[in-house]
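Me: I am new to this structure. Please show me how to read its features, one at a time.

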Amino acid sequence: MPVHVPSAPADDGVPIGGAWLVQPPTEPQELEYLGMFANDLNELPYFIKKYGGQLVRPMDVVDVLRQGDVVAVVRGRQEIGSRALGHRSLLALPTNECKKKVNTYRSSAWYTPVGSVVTEERVPEVFVDSSIRSKYMAITPMLKDEVRKKAPAIVHADGTGLTQVVTKDGDPWLHEILTQIHTRDGTPALINCAFREEGKPIINSIKDAIKVLMDHGEIKYLVVDNFMFAERRALEQAQPLRWGR
């Protein structure tokens, strides 16, 4: 039986329900990113100048991820609902080493499950049930054996995974990163967790995001819209990137 799980089945979904009650939509609505823009987005030029932010493309982010670094993301409007869906996220390779970095930053035990993200095109390769579509990261499908070997960090003890399925139309930027990293290495998914510390709300200001970059060694890079900021030591040690081309 098909199951629909609302994107925000809590207090933050009440305005959506209220609007629906007044005027039901005539066609399906995209509800993933109805939250706020970063509180200090108007100050982005200042942060770029002060901290050396550089204009990057998805392929540059892929280069960093392939080094085994964790990338924090603050792009566009915040997600609405209980999951980070690529706009206020921590992205990393689905390795146990990267999972440890993410959980260390979040003050979580090493074994704490992490979310993940795959493209719609990879669904038949990733899930046992190829009909799965989970753009709100609301269900935990069974993962195929091959995926459990290639992406051990995203696998729960029972063989399932909490996974977002992203489409090219839904988030072209994230879709391109996933597509390129699969093309280069065959990596079927990425770790995708909320960009927040334990017991604190999701990061929604550039100032707070940069403070994380400077104070937490587990997070080496930060992407704000299309600009990348690097923790100083990471910038010195990184492979040359094609930034700004």
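Reply: Start with a cut-off. A residue is buried under 20% relative accessible area, exposed over 50%, and partly exposed in between. Keep in mind that this is a predicted model.

Me: Then how does Asp225 count, buried or exposed or partly exposed?

Reply: Asp225 counts as partly exposed, because its relative accessibility is 23%. Asp225 sits in the loop between β7 and β8.

Me: What should I look for in the backbone there?

Reply: Look at phi. Most residues other than glycine have a negative phi. Asp225 is not a glycine, yet its phi is positive, about 55°. It belongs to the hairpin of β7 and β8, with 2 residues between the strands.

Me: Which residue in the loop between α5 and α6 can I check in the same way?

Reply: Take Met137, in the loop between α5 (123-126) and α6 (145-150). Its phi is near 50°, a positive value in a residue other than glycine.

Me: Is Met137 buried or exposed?

Reply: Met137 counts as buried, because its relative accessibility is 3%.

Me: Now the strands. How do I read their pairing?

Reply: Strands of a sheet pair through backbone hydrogen bonds, either parallel or antiparallel. Take β7, residues 219-224. With strand β2 (residues 70-74), β7 pairs in the parallel sense over 5 bridges. With strand β8 (residues 227-230), β7 runs antiparallel, joined by 4 bridges.

Me: Which residue of β7 is the bridge partner of Val73?

Reply: Val223 is the partner of Val73. Val223 also has a bridge partner in β8, namely Met228.

Me: How many residues of β7 are buried?

Reply: The count is 5 of its 6 residues, so β7 is mostly covered.

Me: What is the order of the strands in the sheet?

Reply: The sheet is open and has 8 strands, in the order β1-β8-β7-β2-β3-β6-β4-β5. The pairing is mixed. At the edges are β1 (54-55) and β5 (163-166), each pairing on one side only.

Me: Which strands does helix α4 touch?

Reply: Helix α4 (residues 96-105) packs on the sheet and touches β2, β3 (88-92), β6 (190-194) and β7. The direction of α4 makes about 5° with that of β6.

Me: And where does helix α2 lie?

Reply: Helix α2 (residues 44-51) lies across β7 and β8. It runs at about 40° to β8.

Me: Which strand should I look at again?

Notes:
Residues are numbered from 1 along each chain as its sequence is written. This is a predicted model: local features need pLDDT of at least 70, side-chain atom pairs count only at pLDDT 80 or more; totals for chains, interfaces and linings use all residues. Side-chain values use heavy atoms; hydrogens and water are left out. Buried means under 20% relative accessible area, exposed over 50%, partly exposed in between (1.4 Å probe, protein chains only). Two strands pair if DSSP finds at least two bridges between them. Contact means heavy atoms within 4.5 Å. Axes are lines fitted to C-alpha atoms, for helices over the stretch in contact, and angles run from 0 to 180 degrees between N-to-C directions.
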